[in-house]
Amino acid sequence: MKTRRLRSEEITRLEQNGCSAEAWNAIRVDPEFVIGDLIRNVEFSGNVTLGTFSGTLRSSLSIPERAGLYSCRLHNVSVQNNCRIAYATVANTDVGENSLITHVQALTRTGDQPFGNGVFVHVLAEDGARSIPMWRGLSAQTAHLGCFFKHHSVGVMLERIALKEAESMRRERSQIGSGCRIERCGTVDNVWIGDGASVIGAANLNNCTIEGDPVPARIGQGVTAKNCIFKSSCRVDGGARLDRCFVGQGVVVENDASAVDSLFFANCHVGHSEVVSAFLGPYTVSHHRSTLVLACQSSFANFGSGSNSSNHLYKLGPRHGGVLRRGVRCGSDSYLLWPSDIGAFSTVVGHHPEHLDTAMFPFSLLINKNDTSLLIPGANLFSIGAFRDALKWRERDLRAGIQDVTDRVNCAVLSPYVMEAMERGLALLKRVQSAKGDLRHGGAVIPEGRIGAGLTTYRQALRFYIGECLLRRLVRDSHGEPPSTDDCLRLLESIAQTEQRPDDQGWHDWGGMLVSDYDTKIILEGLSLGDIETGQEMHVLLNAAHDRYGDREVLWAGRRWIREHREVSRDAVLDFAETWRRSVQFRHERLLKDLAKEYAHEMMIGFGLEEEKLEAFRRIRGEASDHFTVKLANDQRDRLLSLAEKIV
């Protein structure tokens, strides 16, 4: 901005107001600068640039505060128009307009690091074997590629892009955007704070980026953070302590949680827990003080109280990690030994001191009995909890208002990724169903009596998903009108005529985004050949793959249908419509049966202290048929069955 030197009468007025300067001629001011009583008891040193001061700002306590400089120390700073700085020491910092800085022990710049960008995070392996550099554009997907292709040309290229983007953030001074609030803090050193962001009551921040508008990040009471990046719409509060962490959009870290060398992506919520070297994909939740989330990758996961794991085998150090595929739930006091790979949407209960590989058995229950890990395949497939999860994730997205979301999140419970794992498990169960005895696989034991039930459940789930997927596309193409048999034939015939490629098989979960082998090949080739050189180009490529999911999903389901029926004919469509109707009814009955467990007699134990148990329970809980999930499940069943009837 255009500036001028202080006039002699202005210097006199400042001195009368209790101000002093190392050199008055080192202070530059806006041409419209007026002192009045808005600058009092200020100590200036170094090169200082001041804007104009007028109007009021509103503090975090909703108290109006006059713009101006009061009882503060300013060294090598620039302050834009209409700011308030009071009872604070500010050095080597640029402050944007309409910002409020009060009661801050020190806001300064003492190093040359690019505000947390370029810092390597030892994720998944504490020995740093999979470490990746942070940068503002880091997403769950680029982090996945960086970790799992670490020593591939793809990993090298991503690291180069990240470090280049990090270097672009380097500044000589700390940067405070417009409309920021920094109040009642300890030391805030080496920070880049975006427009509108707030830091209220933080104990210590060092080498951090805190993003602002359109939904600013919020750093709250007692927070200690070093070498961190906080994305827009995140909230860190309640004495949380973080070091070398990336906190993504919509993430909440609070209530004395501690984290080191960890990545938190969209809508994770962590309180009380300890997190070390973890890759927490979208919607991962841990609320309990006694929980340790250690060296694992997860998404849509839930860690119960006392959940724990081990990555140190007392041989070569803490070098191991584990994979919790999407939707895994770790029950209270559960324990897993890394390395292990737990199938999607499984529930882990009890202590498991073996290296487990249950990836091909999604929706399973993993329990410990007599020091043996028992695996019950498909036990969670038609659980009311999985049905509720599919509803709640979209409702809990805290990224509303952000057009440029960083993480691509696919909340699908049933998907080609999960179904392909299920197909592998189904094939194994088929091979052993006539054999006697239990099945031992991947460190776990599947009881003989559970093999048949697993086969039935997986078959029904595959049939339901394929039909539901094709019908969903038919309804979309018909603009909501019920599809006919001819519509089904046309869709299946078009899929049959689509050229098949070797990369048509295989699906992957990249931190909450479902990717086909076809799109994987495009992305990896683009990186390997050097066609992608910037974070923005990577962003565009990933968005395109995410947007193609629906088309690739329908193609996958249609080809599975054709493989099973061998031909596309009217009779085959009618036959499938009938069997699919039965799978819809089967699923619905299992959902309601599972929900009924919440209304069983043993669930009434805590009721009836002052009146009859059943009456008290009904007054509080109502009937099972009254629960909102029952209505939703009934509506879904009726809608799907009506579509099938139109086809028949």
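Here are a few notes on the cores, a helix pair and some strands.

1. First, the ground rules. This is a predicted model, where local features need pLDDT of at least 70 and side-chain atom pairs count only at pLDDT 80 or more, while totals for chains, interfaces and linings use all residues. Residues are numbered from 1 along each chain as its sequence is written, and side-chain values use heavy atoms, leaving out hydrogens and water.

2. Have a look at the largest nonpolar core, which has 147 residues. A nonpolar core here is a set of buried Ala, Val, Leu, Ile, Met, Phe, Trp, Tyr and Cys residues joined through side-chain atoms within 4.5 Å; buried means under 20% relative accessible area, with a 1.4 Å probe and protein chains only. F44, L50, F230 and F264 have the most contacts inside this core. Helix α6 (residues 448-477) gives the largest share, twelve residues. Helices are DSSP runs of H or I, at least four residues, and strands are runs of E, at least two, numbered from the N terminus.

3. There's also a second, separate core of 17 residues, V119, I132, C147 and I229 among them.

4. Now for the helix pair. D519, I522, I523 and L527 in α8 meet M538, L541, L542 and A545 in α9, where contact means heavy atoms within 4.5 Å.

5. Strand β18 (residues 224-230) has five of its seven residues buried, so it is largely enclosed by the rest of the structure. Six bridges join β18 to β16 (residues 204-210), running parallel, and six join β18 to β20 (residues 241-247), also parallel. Strands pair if DSSP finds at least two bridges between them. I229 in β18 is the bridge partner of T209, and C245 in β20 is that of C228.

Terms used: Buried < 20%, exposed > 50% of the residue type's maximum accessible area, 1.4 Å probe, protein only.
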